[in-house]
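Please keep the sequence and the model in view while reading.

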Protein chains: 2
Amino acid sequence: MSNNCHGDMIKELIHRYERAHFTVERKLYALLRDLMPAELTVDQFNMIRFLQFNGRSTPSELAEVFGVGKSSITAIISRLSDKGFIRRLSEESDRRIVILTLTEEGKRLCESIDARVEAMLADIMNHFEEEEAERFISTFEKLADVMAGTAGLGSNEGKE
Amino acid sequence: MSNNCHGDMIKELIHRYERAHFTVERKLYALLRDLMPAELTVDQFNMIRFLQFNGRSTPSELAEVFGVGKSSITAIISRLSDKGFIRRLSEESDRRIVILTLTEEGKRLCESIDARVEAMLADIMNHFEEEEAERFISTFEKLADVMAGTAGLGSNEGKE
DNA sequence: ACTACTTAGTTCTACTGTCTAACTATTCGA
DNA sequence: TCGAATAGTTAGACAGTAGAACTAAGTAGT
């Protein structure tokens, strides 16, 4: 077993990753939560945000992207629709499909929170040299690709 | 404004970070969820895991570490205690304090899930050169330190 | 054209995690 | 000893989640 030390090395790296991940995620979530206005949760903001980038979407697509069941999406969308941030429209060509878009108020709200979120992230990022940040994010993107590729393991396929 | 391009650079990095973060977190959570046995949620596993590393803890410490209110901890601990994974004991020297430890069954369960989680993470990590992984994790740890330091902004202090 | 299957989305029910406020029990301090 | 502080729990509310049953709409086979 000449690769014993290699295995231990991996184990060590995993352990370090887990610790850092735990801290970063908890803290980031807490910071985000503090930036939310009273009428919005972090999850609701993420949904609105996706719609702002995407322009429009459907419940099925959101369920796929967010990795949750469609009934969860219905619940979130209904709350956001009640608050007047999201509009539901039927697709002309296939009336089963629901088209989701932001209302003007939704767009405004999203932009104003977005600005604060970016400022917060910029604050954090300023603790790093540009080169280190660039390298970190590049690896992070590679990780995202790997994870997206490992999709098969996600096994949310064919649900509902 | 000679640093306009610098600001844009930061903005670009932030945007890339946000996209990668979103993908990685959603996927990681989905993978984790799939590793959980029927009787445990991901959050419950995280709590058990912390106790395994820490040996023992108290509701107050858990609330601090996990960044939530003490009543949330009571709820989670009660469920885990009902299932026989966690034991509640009163501290001799100050009977207000509750000491939390894992039962033997809790330890066993944690170890078996842990093995699977590590295998899953090792799988992902094998997509990277050791040097890149090492550098990534180092920056990640630095980020964790920065976030922990930014604690003041977390504003969960003095809650309850 | 009629029937059966599929797909998109919603509704209903149940559970977990969360917060806040009110409460109990214990300790500390003046 | 009495009042304040501390540790934890309880109760009530709500968001997010899953799963099963449901509606509405489109698709295919015959």
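A:H21 is buried, its relative accessible area being 16%; buried means under 20% relative accessible area, exposed over 50%, and partly exposed in between, with a 1.4 Å probe and protein chains only. This residue, A:H21, is found in helix α1 (residues 4-35) of chain A. Helices here are DSSP runs of H or I with at least four residues, strands are runs of E with at least two, and both are numbered from the N terminus. Leaving aside residues up to four places away in sequence, A:H21 touches B:E25, B:L28 and B:F140, where contact means heavy atoms within 4.5 Å.

The model is a predicted one, in which local features need pLDDT of at least 70 and side-chain atom pairs count only at pLDDT 80 or more, while totals for chains, interfaces and linings use all residues. Residues are numbered from 1 along each chain as its sequence is written, chains are lettered from A and ligands numbered from 1 in the order in which they are written, and side-chain values use heavy atoms, with hydrogens and water left out.

The meeting of the two chains may be taken next. In chain B, 58 residues are in contact with 59 residues of chain A. Between them the two chains bury about 6500 Å², and 67% of this lies on carbon and sulfur atoms; buried area is the accessible area (1.4 Å probe) that two parts lose on being put together, summed over both. B:F136, B:F140 and B:M147 supply 11% of the area that chain B buries against chain A, which is more than any other three residues supply.

Side chains of opposite charge can pair when their charged atoms come close. The rule finds 10 salt bridges across the interface of chain B and chain A, a salt bridge being a side-chain nitrogen of Lys or Arg within 4 Å of a carboxyl oxygen of Asp or Glu. In one of them B:R49 pairs with A:E18, and the closest N and O atoms are 2.8 Å apart.

Which elements of chain B supply at least two residues each of the side that touches chain A? They are α1 (4-35), α2 (42-54), α3, α5 (104-125), α6 (130-149) and α7 (151-154) of chain B. The largest share, 22 residues, comes from α1(B). By class, this side of chain B divides into 29 nonpolar, 12 polar and 17 charged residues. Here Ala, Val, Leu, Ile, Met, Phe, Trp, Tyr, Cys and Pro count as nonpolar, Asp, Glu, Lys and Arg as charged, and the others, Gly among them, as polar.

Over all chains the count comes to 18 salt bridges. One of them joins A:E131 to A:R135, with the closest N and O atoms 3.3 Å apart. The two residues, A:E131 and A:R135, are separated by about one helical turn because they lie 4 residues apart in helix α6 (residues 130-149) of chain A. A:E131 is exposed at 54% relative accessibility, whereas A:R135 is partly exposed at 35%. Another salt bridge links A:E132 and B:K142 at 2.7 Å, N to O. A:E132 lies in helix α6 of chain A and B:K142 in helix α6 of chain B, so this pair joins two chains.

Of the atoms of DNA strand D within 4 Å of the protein, 71% belong to sugar or phosphate and the rest to bases. The largest share of the surface near DNA strand D, 5 residues, comes from α4(A).

Note on methods: Near = heavy atom within 4 Å.
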